[in-house]
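Hi,

Here is the structure I promised to pass on. Have a look at it first, and then read my notes below.

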Amino acid sequence: MPYLLPEVPEGLERLPEVALDLLIGTRPGVGGGWRALDPELWQATHNPWLMLQVASRTALAEVAADPVRMQRIQAAMRAYEAELEAPGWMQTAHAGDELGTVAYLSMEFGLSEALPIYSGGLGNVAGDQLKSASDLGVPVIGVGLLYQQGYFRQVLDADGGQQEFYPYNDPAQLPVVPVRDANGEWVRIDIGYGGRRFWLRAWEARVGRVRLLLLDSNDPVNPPADRGVTSELYGGDGRRRLEQEIVLGIGGWRLLRRLDIDPQVCHLNEGHAAFAVLERARFFMQDAGTDFETALTVTRVGNLFTTHTPVAAGFDRYDPALVARCLGHYARDRLGIGIDRLLALGRENAGDPSEPLNMALLAIRGSGAVNGVSRLHGAVSRSLFRSLFPRWPLAEVPIGHVTNGVHQRSWVSTAAEAVWVESCCSDVFERCTGEDESALETISDERLWQMRAENRRELVEFVRRRFARQIAQQDIAAEKRPDVSVLFDPNTLTLGFARRFATYKRPNLLLSDPSRLVRLLANPDRPVQLVIAGKAHPADAPGKALVREWVRFTQRSDVRGRCIFLADYDMALAEHLVQGVDVWINNPRRPFEASGTSGMKVLVNGGLNLSELDGWWAEAYAPDVGWAIGDGAEHGEDPAWDAAEARTLYAILEEQVVPAFYDRDAAGIPRRWIALQRRSMTHLTPRFSSQRTVREYTERYYLPAARAYRARAAAKGAAGAKIRAFRERLTHLWPSLRLGPVSAATNGSAHRFRVEVHLGELAPDDVLVEAFADAKGGGCERHALRRVDAVTGSVNAFFYEAEVKSDRPLREFTLRVIPSNPGLLVPLEAPQILWQR
C-alpha cells in the first residue's frame with residue numbers, strides 16, 4: 001500500500017509500517033520505544049502513529065544512534081516480518097481447502113484506543129476476531145466506518161453527573177491511511193440514494209495480516225448534512241442510523257468490488273450490515289445477468305449473520321416511508337424490484353404495509369447461516385425468531401452458536417505473560433490453546449501469587465494516576481481534593497465492575513444494601529477495595545442516574561479510598577482493570593447478556609469471575625473456577641428476585657471470596673485461592689480465546705459457506721436458479737400435500753411406522769418423510785421413512801415405512817413431511833412442514 005510516511009533515519013525504515021499496525025505496533029520491544037519519544041503523549045493516546053508524526057528528527061536520530069535501543073527495535077522488526085510471513089493455522093490445518101476472502105462487516109471495531117471507532121462489546125468482539133484472523137492466517141478483510149467523532153467521551157462533574165464530549169477524530173492523527181488505486185488516486189465511491197449523489201472516502205487500517213477498510217462521508221463534495229452521516233457512532237435520529245447502515249452495507253460491499261475484491265463469504269456482525277446482502281446480490285445480477293431473486297438465492301449461502309441481541313426490542317427497525325425515501329430508487333433502478341419487495345425481506349408479515357423494516361429479519365432472509373454468540377444466546381435467539389419457522393420444533397429453528405472469545409495477547413499483563421511463557425511456549429497464545437491439566441504444573445503457587453501481586457500493584461498505581469487526572473477536571477478546590485497517594489492498597493482484595501450502565505445490567509445490585517457493602521469494604525482485618533467504571537448512553541436517563549448513585553457512594557467518608565468510580569471507560573482503562581482486579585463482577589438480568597467478554601479478559605491474568613449464570617458464564621462456570629449467582633432461570637424485572645440475588649452476592653463475597661483470599665498458610669500463600677486461579681487459567685483461558693472462536697467460525701461456517709456459494713454460483717448461477725424455481729414451486733404446491741392413515745407399533749426394541757403420503761402435484765423426490773421425536777435431554781431424533789409402493793386407487797400417493805430402533809417410547813414419535821432438494825437449506829430457505837394429525 002502506498003503510505004505517506006514520515007521521514008525516519010536509516011535503520012528505522014519500517015518503523016512507520018509498524019506504527020500503523022494495530023496488532024503489532026505496541027508489542028514489547030516496540031512499545032517501549034514510543035514511550036521514550038514522549039511519555040506524556042504516549043500515556044494519553046497509546047498511538048504509535050501519532051508518536052511518529054510528532055516526534056522530532058532529533059529524537060528519532062537519538063534512537064538511531066543508541067545501539068541498545070536499535071538492537072531491541074531491529075529484533076522486534078525481524079519478529080514482525082517473520083510473523084507476517086509465517087504460515088498460520090489456516091495454511092497448515094486447511095492447506096487444501098479453498099476459502100477465498102471473508103468480508104467481515106461491523107458497525108464498530110475495538111482494536112485500540114488509538115482508533116476510537118467503538119463503543120463496547122460488539123466492537124471488542126470484532127476487533128479481537130480480526131486480530132485472531134491475522135494470527136491464524138484466515139483471509140479476512142474487515143469493513144466498517146471511520147467516525148469523525150466516534151463514541152462520546154465521558155466526564156463526571158463533582159456530583160456524579162455524566163457529561164458527554166465528542167472530540168474530533170483527525171484522520172491525520174489516527175493509524176489509518178487513504179486507500180489508493182493503482183494510479184495513486186484516493187479511492188472514493190458514490191452510493192447515491194434518495195435520488196442524489198453521495199460520496200464516501202475510503203481509508204485503511206492494518207491489523208497484522210488483515211486489512212480493515214473504513215468509509216467516511218466527510219467528503220468536501222457532499223453537502224453539510226451528508227458530510228455528517230458518519231459523524232458519530234450510535235448518535236442521531238432514526239434517519240441518521242439508517243444512512244449509516246446503508247453506508248456500511250451497500251457502501252462497504254461496493255468498496256470491496258471497487259478494489260477488485262470479490263469475497264466468497266460475507267460475515268455480518270449484527271444486523272447493522274444487512275444491506276450488504278442486497279448489494280452483493282446486485283453485483284451478482286450484474287456479473288451473471290440474472291434477476292434479483294436468483295441472485296439472492298445464489299449469494300445468500302455465502303452470507304453468515306451473527307446476532308448479538310437477546311431481546312426483540314434491540315433490533316434496528318425503520319419506518320417503511322423512511323426506507324422508501326432512502327432506498328426506493330435503489331430498489332427500482334439497481335435491484336429491479338419494487339420497494340415493497342425490499343421491505344418484505346425485513347418483515348415478519350410481508351403483506352403488512354405498516355410493519356417496519358427489521359434489519360435482523362433482512363439479515364436472516366439474506367443469509368445461509370445464523371448464529372448467536374454463546375450457547376445460551378443461541379437458545380434465546382431460536383425463541384426470538386421462532387415465528388419465522390411456524391410449526392418447526394424450537395430445537396430445529398436454524399440458529400446455532402459460536403461463543404465469543406477474546407484475543408489473549410491483547411489483554412495479558414507483562415507479569416502474566418511471563419508466567420504463561422515459562423509454563424508453555426514462547427508463542428503461547430497461538431500454540432498452547434487446548435485444555436491441558438499440565439499447562440501450569442511447572443508454575444508454583446508462590447509464582448502465581450507473585451504474578452497476581454504484581455498485577456494488583458500495577459493497577460493501584462494506574463488508578464492513582466487516572467483518578468488524579470479525573471479530579472483535576474472537576475470544579476473542586478485544591479484543598480478539598482482527596483489525597484490520591486493513599487488511594488487503594490496493593491495488598492487488598494480488589495473487585496472490579498465495569499459495564500455499560502443500563503438498567504438490565506443491574507450495575508447498582510451491589511448498592512442494594514449500602515450499609516452491608518460499607519462493612520465489606522471497611523473491614524479492618526480483611527478489607528476489600530472496589531473499582532467501578534462505565535458509561536450510560538447519552539439518551540439513557542435511568543443509566544445516568546445509576547452512574548450518579550455510584551459516584552455519590554464513593555464520596556462517603558466511610559469508604560473513601562476503598563471504592564472509586566473511574567470516568568471514561570475505554571479500552572485503555574479496561575486493559576488495566578482486567579489485568580489487575582482479583583475478582584470481576586457481572587450481574588445482568590438473565591438472559592440479557594448475549595455473551596459478555598469483559599470477564600473473559602481476566603482469565604489470562606489469573607483473575608476470577610463472580611457472575612450471573614448468563615451469557616458465556618452459563619457455560620463456563622464450575623465451582624472450582626469461580627463463583628456464580630442465579631438459578632439458571634429467567635425471572636424478568638422482578639424486584640423480589642433482584643433483592644434475593646443481591647443478598648446472594650453479598651453472602652458469596654463475605655463467606656467465600658474474602659475468606660479464600662485472606663486465609664493464608666505459614667508461607668503467606670492463600671492455597672484455596674491459588675487452586676481456583678490455577679484451574680480457571682488452565683481450563684477457561686483457551687476455551688474463551690478468540691483463536692478458538694475464529695477457528696470455529698472458519699470450520700463450521702466459512703468453509704461450508706464458500707463451498708455452497710461456489711456450487712450455486714457456477715455456470716452463472718445455474719444451480720441457484722434451479723433452487724429458486726424449486727422454492728417457488730414448493731410454495732405453490734405444498735398445500736396439495738396431505739398425510740393419510742398412519743400405522744405405528746412396537747416390536748421388541750423397534751418401532752415400525754407405515755403411512756400413506758398423498759403428494760398432490762409434488763414429486764416424490766421433493767419431500768422427506770420422517771419419524772420425529774423432540775429434544776429430550778440431548779438432541780432430536782429423526783428417522784427417514786422409505787417409499788415402498790404406490791397406494792392403490794390413488795394418484796401420486798405412496799406408502800412410506802421404517803423400522804426405528806430407539807429407547808424412547810412410541811408415543812414420543814410423530815410423523816412429518818419436510819421439503820427435500822440437494823443444496824436446499826431447510827428450514828432456512830424452505831420453512832414448509834406437515835405433521836401427522
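Start with the open sheet: six strands in the order β17-β16-β15-β18-β19-β20, paired in parallel. The edges are taken by β17 (563-566) and β20, each with a single partner strand, so one side of each has no neighbour in the sheet. On average, neighbouring strands here are turned by 20 degrees against each other, direction ignored. Bear in mind that this is a predicted model.

At one of them, strand β16 (residues 528-533) is joined to β17 by four bridges, and the two run parallel.

Which way do the residues of β20 (residues 626-629) point? G626 and A628 go one way, W627 and I629 go the other way, and all are buried. By the cut-off used, buried means under 20% relative accessible area.

Helix α20 (residues 445-472) lies across β15 (493-498), β16 and β17, and runs at about 65 degrees to β17. Helix α26 (residues 639-662) lies across β15, β16, β18 (583-586), β19 and β20, at about 170 degrees to β20.

Next, a pair of helices. The axes of helix α8 (residues 121-136) and helix α28 (residues 690-733) come within 9 Å and cross at roughly 75 degrees. Angles of 65 to 115 degrees count as roughly perpendicular, and α8 and α28 are therefore roughly perpendicular to each other. Which residues meet there? From α8 you have D128, Q129, S132, A133, D135 and L136, and they meet S690, Q691, T693, V694, R695 and Y697 in α28. Sorted by class, the contact of α8 with α28 has four nonpolar, five polar and three charged residues.

One last stop is a loop residue, L394, which sits between α16 (375-384) and β14 (400-401). Is L394 buried, exposed or partly exposed? Its relative accessibility is 29%, so L394 counts as partly exposed. Leaving out residues up to four places away in sequence, L394 touches R382, S383 and R386. L394 and A379 are 15 residues apart in sequence, and their C-alpha atoms are 8.5 Å apart in space.

Happy browsing!

Definitions and conventions: Residues are numbered from 1 along each chain as its sequence is written. This is a predicted model: local features need pLDDT of at least 70, side-chain atom pairs count only at pLDDT 80 or more; totals for chains, interfaces and linings use all residues. Side-chain values use heavy atoms; hydrogens and water are left out. Buried means under 20% relative accessible area, exposed over 50%, partly exposed in between (1.4 Å probe, protein chains only). Axes are lines fitted to C-alpha atoms, for helices over the stretch in contact, and angles run from 0 to 180 degrees between N-to-C directions. Angles under 35 degrees count as roughly parallel, over 145 as roughly antiparallel, 65 to 115 as roughly perpendicular and the rest as oblique. Contact means heavy atoms within 4.5 Å. Ala, Val, Leu, Ile, Met, Phe, Trp, Tyr, Cys and Pro count as nonpolar, Asp, Glu, Lys and Arg as charged, and the others, Gly among them, as polar. Two strands pair if DSSP finds at least two bridges between them.
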